[in-house]
Every structure is written in C-alpha cells, then in structure tokens.
Amino acid sequence: MRIVPTMPETTMLAELGQRAQQYRVGMNLTQIELAKQAGVSRSTIERLEAGSSVQLDKLLRILRALRLSANLDQLIPETSIRPIQLADSKVETRRRAYKRRSKATKEQPWTWGEKT
C-alpha cells in the first residue's frame, strides 16, 4: 500500500509497522534480536509493528538497526537558498515565522476605571 497525505494517521502507522516487520523478517531477525541491536525493548518493536505510536528517538534507533536511516534525509529535505536571497548581500536564515499586523485594527487605549 502506498502512503498518501490524505490517509489517517492510524493507517499510516499501521502501514509503517507492517513495512518495518517485513524488513525485520527479511533480515532474518527476531523481535528480540532487533530490539538488542537497536537498544530498545521488545515491547517497543511490538508496538511499532502493531501500528502503535513509538517515541521518535526509538524509531530512529530501529531504523538505524534495519539499515534504513539513510532514507531519513528525504523525510524533511534540507532547505535551499532562494534566488532572491542570493541577490541580497545580507543572506540571513529565518528563525521565526510571523504575520504582519493590520493597521486597520487598532485597539482602544486602556484606561483606569469603568466607562459609564
């Protein structure tokens, strides 16, 4: 089954778990052997293969043990510099996202006491 963006998360987790199990069996490893190689518990391997959620650091360990960690670069690709940034002499990496405030929505100044 192909993983597509419109799938529910539970279906994605189940598919990833099934694929992990296929890789493990293809490497002729038991769950206990994979757990030892990855440095996680057997129950973590069971949860992953059952399609349940596991902690990210443990998933990374399992992927490394299954020799799949080289594929992680495709998960979140490195950003590249846009051509407009190259034109500027000051190339800065953005660290935050922000939205511009509209000048039309000015708030009334705060004052002491109640208005009557």
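I began with Arg 24, which lies in helix α1 (helices are DSSP runs of H or I with at least four residues, numbered from the N terminus). The model is predicted: I took local features only at pLDDT of at least 70 and side-chain atom pairs only at pLDDT 80 or more, while totals for chains, interfaces and linings use all residues. Residues are numbered from 1 along each chain as its sequence is written, and side-chain values use heavy atoms, with hydrogens and water left out.

I looked up the accessibility of Arg 24: its relative accessible area is 8%, so the residue is buried (under 20%; exposed is over 50%, partly exposed in between, with a 1.4 Å probe and protein chains only). I then listed its contacts (heavy atoms within 4.5 Å). Not counting residues up to four places away in sequence, Arg 24 touches Leu 29, Thr 30, Gln 31, Leu 34, Glu 49 and Leu 66.

I turned to helix α2, residues 31-38, where Leu 34, Ala 35 and Ala 38 are buried. They lie on the same side of α2 because they cover an arc of only 100° around the axis, taken from the directions from the helix axis to the C-beta atoms. Their cover includes α1 (9-26), α3 (42-49) and α4 (56-65). Just after α2, I noted a positive phi of about 75° at Gly 39.

I next examined the largest nonpolar core, which has 14 residues (buried Ala, Val, Leu, Ile, Met, Phe, Trp, Tyr and Cys joined through side-chain atoms within 4.5 Å). Among those with the most contacts inside it are Leu 34, Ile 45 and Ile 62. The elements giving two or more residues to this core are α2, α3 and α4. Leaving aside neighbours within four places in sequence, I found Ile 62 in contact with Leu 34, Ala 38, Val 40, Thr 44, Ile 45 and Leu 48.
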